[in-house]
Amino acid sequence: MSDHTTDNSSAALDAVPKTYDDAVSALASAHAGGSDNVDIYSVPDPQQQIVRLIEVSTAFPEGAVERQVLPNGVERVVPVFPMGPAKDFPFRSEIVQVIPAEWEQLRQGTLKLNRDWGDLNRAERV
Amino acid sequence: MASKARADAEQARADYGAYVASGEAAEPALGEHHRLQLLQMALEKLAKAFLYHGEPSGRYSHHVALSAINRLRSHTIAEAAGMTFVTFSRMLDAAKPIFLQIEAASPSVGSDGRGLTREESERTSNVEYPWQSDVTDPSSWIAPASRPFSIVHDLRYDPRSVRAVHLLDRLIDAAATVLPKP
């Protein structure tokens, strides 16, 4: 019984998403399927070409890092992890992984991503 | 010339190659701690290659392996590693604790992936510098060369650890494929 369930789940994850919404659901499901408890939010791309997910979990390390700002400054940003399409996932993706406190700061605008995703308050829980 | 990310991936390949070559000789050319150090260096460079891909100017000083592993669950990386996404995800999950053990061989990283202070580092086993087992005993320093590391045994005999090292090899290849060229 459990093997059958696993097979179905695996088949779903291996299916090639045909629409943008399918791709968002598929990638979110895949990323939520690990051992960590993860809340996932989608920030829709108006062009429907890039699947943008914000993944929030207490199991993650802090997502923000310091980076140098010329000439002598330092700022904290959350890196976006971009990846190109694959044969079985024909969409580009951009992933952010943060802890809950950072997600609050991102929504309040006191912390920022290193790419412009627009207003993060329009993120939709997947 | 290469981007910071691709340069780290290239160095990861060189470190991993040295690890493999050092294990192929009939007579051991390196101590176990030195071989483990090569593997730890390869893992660190691979992890930083993917992290620099996200933010080339970022300062990554702690939880380097874990931060990278969590971001690798990608169809594109799976494809570049020659696996289906589902198989790749399972292998990543299985390899994660092994990678964390390898990472902890570094003198600057604790067993939980956290960055260590100098004082903590001097009391924590690692493959590079002597550590003190009892801070009240000035004669309790231990050289890495004098101490076996249990992960080394696992890397040779435990199938899950062996698969993790093979996954590292494939991930280094995948990095060279998926990381953009400047």
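Trainee: How many residues of chain A are in contact with chain B?

Mentor: In this predicted model, 28 residues of chain A are in contact with 24 residues of chain B. In contact means that C-beta atoms, placed from the backbone, lie within 7 Å. Residues are numbered from 1 along each chain as written, and chains are lettered from A and ligands numbered from 1 in the order written. Local features need pLDDT of at least 70 and side-chain atom pairs 80 or more, while totals for chains, interfaces and linings use all residues.

Trainee: What makes up the side of chain A that touches chain B?

Mentor: Helices H1 (2–14) and H2 (20–32) of chain A, with its strands E3 (65–69), E5 (81–83) and E6 (92–98), each supply at least two residues. E3(A) gives the largest share, four residues. These elements are DSSP runs numbered from the N terminus, H or I of at least four residues for helices and E of at least two for strands. By class, that side has 14 nonpolar, nine polar and five charged residues.

Trainee: What ipTM does the predictor give the complex?

Mentor: The complex gets an ipTM of 0.84 and a pTM of 0.90. Chain B averages a pLDDT (confidence per residue, from 0 to 100) of 93, and 100% of the residues score at least 70.

Trainee: Which residues in H2(B) meet H3(B)?

Mentor: Among them are B:Leu43, B:Ala47 and B:Leu51 in H2(B), and their partners in H3(B) include B:Val64, B:Ala68 and B:Arg71.

Trainee: What makes E5 and E8 of chain A edge strands?

Mentor: Five strands of chain A form an open sheet with mixed pairing, in the order E5-E6-E2-E1-E8. E5 and E8 (124–125) each pair on one side only. Pairing needs at least two bridges by DSSP, and two bridges join E1 (residues 39–42) to E8(A), which run antiparallel. These strands therefore reach the cut-off and count as paired. In E8(A), A:Arg125 is the bridge partner of A:Tyr41.

Trainee: Which strands does H2(A) touch when it packs on the sheet?

Mentor: H2(A) touches E1, E2 (50–56) and E6 of chain A, and its direction makes about 30° with that of E2(A).

Notes: Two residues are in contact if their C-beta atoms, placed from the backbone, lie within 7 Å. Ala, Val, Leu, Ile, Met, Phe, Trp, Tyr, Cys and Pro count as nonpolar, Asp, Glu, Lys and Arg as charged, and the others, Gly among them, as polar. pLDDT is the predictor's confidence in each residue, from 0 to 100. Axes are lines fitted to C-alpha atoms, for helices over the stretch in contact, and angles run from 0 to 180 degrees between N-to-C directions.
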